[in-house]
Amino acid sequence: MSNDLEANIQAAIANPQNLGEMADADAVGTVGSADCGDMLRMWVKFKEEDGRRVIDKATFQTFGCQTAIAVASMATDLIRGKTAEEALAMSGQDLSAPLGPLPPMKIHCAQLVEGALKDALTPGGKPSATAAPAAPTLFDQLNAPKTVKITLKS
Amino acid sequence: MTATLSPEMTMQELLQALPGAQRALFRLYHIGGCASCGFRPEETVAEVCARNDGLDPAEALTAVETACAEDAKMLIEPKEAAAALADGEARVLDIRTREEFDAVRIPEAQHFTQELLQTIMGEWPKDDLLVLVDHQGARGLDAAAYFAGHGFTNVRSLRGGIDAWSLEVDPALPRYTVE
């Protein structure tokens, strides 16, 4: 990654915007699975403005890569004031534009955000990007198996 | 690169040949750390390399092989970790279940949660010693590699987990089994 991109990502991570659940959201979209730990979820709240139904606020929660956190932080700001149709027209590249061009190996992080947004804004629709590998990931190892009967040794 | 490794082999075959390959891939190339950068077992090494910045598969395999040989450097001995902790030079992150953590814990340890992860990524210094603790050392290296792949330069896995800590550092800490 370029130094500029890395710096932009670090700056976004250090002060993520619109992080957390939204209790009164009008729409929720999810990519990935909370069970396996890797998940990006977006909440969207609409308001009426000049006869249009526009996005008033969007928040997110993710346990993906730092780049995904940074893009989601940017995206929740970018879509504010847009209609659902306008927001749906934004690609992962649009949503990550404030960070600068992403290298090919990081594009999937922006697609993850795009997928969650599409899942939230497309009634009955499918996320556009759901990279769902069957192989266990390193992140899975951070999530201890749900057990547990513990027997202390004497 | 040894003769047993080739760009045409599947990722499953690679992981069978080099159990530490996934850790190395993430540390080196940010591949396989989470679902958004993961791979399927049936994908070939060449296919995974092609969609990850056009990596040269032969070079990647050689680098992974070398990195796997250095896995041991990510381990920290219990007594070494205890000394660092006593000197205030380490953070301890416990990745076991809440039930295990509540039953037996290193007093200074913090229990890993999804919420804490966001704090760690955003706020914890990347060059501080970060010691990961599991039960018996089976998951710690993978977890350490996850943090290393996110820029943590001094992350280590407690060799033998909290079980070894009980044996070698604090016998008052009960050992346990899980079902």
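In what order do the strands of the open sheet of chain B stand? The legends below take up this question and then turn to chain A. The model is predicted.

**View 1. The open sheet of chain B has five strands.**
The order is β1-β5-β4-β2-β3, and the pairing is parallel. In general, strands of a sheet pair through backbone hydrogen bonds, either parallel or antiparallel. Look for the edges at β1 (75-76) and β3 (110-111) of chain B. Each has a single partner strand, so one side of each is left without a neighbour in the sheet.

**View 2**
Find Ile76(B) here: Leu158(B) in β5(B) stands opposite.

**View 2. A helix lies across strands of the chain B sheet.**
This is helix α5 of chain B, residues 78-86. The strands under view are β1, β2 (90-94), β4 (129-133) and β5 of chain B. Relative to β2(B), the helix runs at about 120°.

Read from the N terminus, the elements run α-β-β-β-α-α-α-α-α-β. Chain A has 154 residues, and 41% of them count as buried. Now take the contacts in chain A with a separation of 6 or more. Residues 24 or more positions apart account for 57% of these.

**View 3. Strands β2 and β3 of chain A form a hairpin.**
Strand β2(A) spans residues 39-49, and β3(A) spans residues 52-62. They pair in the antiparallel sense over ten bridges. Phe46(A) stands opposite Ile55(A) in β3(A). Two residues lie between the strands. At Asp50(A), phi is positive, near 50°. As a general rule, side chains in a regular strand alternate between the two faces of the sheet.

**View 4. Helices α2 and α5 of chain A pack together.**
Two packed helices are described by the angle between their axes and the distance between the axes. Here α2(A) is residues 66-78 and α5(A) is residues 107-121. Their angle is about 45°, with the axes 8 Å apart. The helices are therefore oblique to each other. Their crossing is right-handed. From α2(A), the contact uses Thr67(A), Ala68(A), Val71(A), Ala72(A) and Ala75(A). From α5(A) come Cys109(A), Ala110(A), Leu112(A), Val113(A) and Leu117(A). By class, the contact has nine nonpolar residues, one polar and no charged.

Terms used
Residues are numbered from 1 along each chain as its sequence is written. Chains are lettered from A and ligands numbered from 1 in the order in which they are written. This is a predicted model: local features need pLDDT of at least 70, side-chain atom pairs count only at pLDDT 80 or more; totals for chains, interfaces and linings use all residues. Axes are lines fitted to C-alpha atoms, for helices over the stretch in contact, and angles run from 0 to 180 degrees between N-to-C directions. Helices (H or I, at least four residues) and strands (E, at least two) are DSSP runs, numbered from the N terminus. Angles under 35 degrees count as roughly parallel, over 145 as roughly antiparallel, 65 to 115 as roughly perpendicular and the rest as oblique. A crossing is left-handed if the near helix is turned anticlockwise from the far one by less than a right angle, and right-handed if clockwise. Two residues are in contact if their C-beta atoms, placed from the backbone, lie within 7 Å. Ala, Val, Leu, Ile, Met, Phe, Trp, Tyr, Cys and Pro count as nonpolar, Asp, Glu, Lys and Arg as charged, and the others, Gly among them, as polar. Two strands pair if DSSP finds at least two bridges between them. A residue is buried if 20 or more other C-beta atoms lie within 10 Å of its own, exposed if 12 or fewer, and partly exposed in between; C-beta atoms are placed from the backbone.
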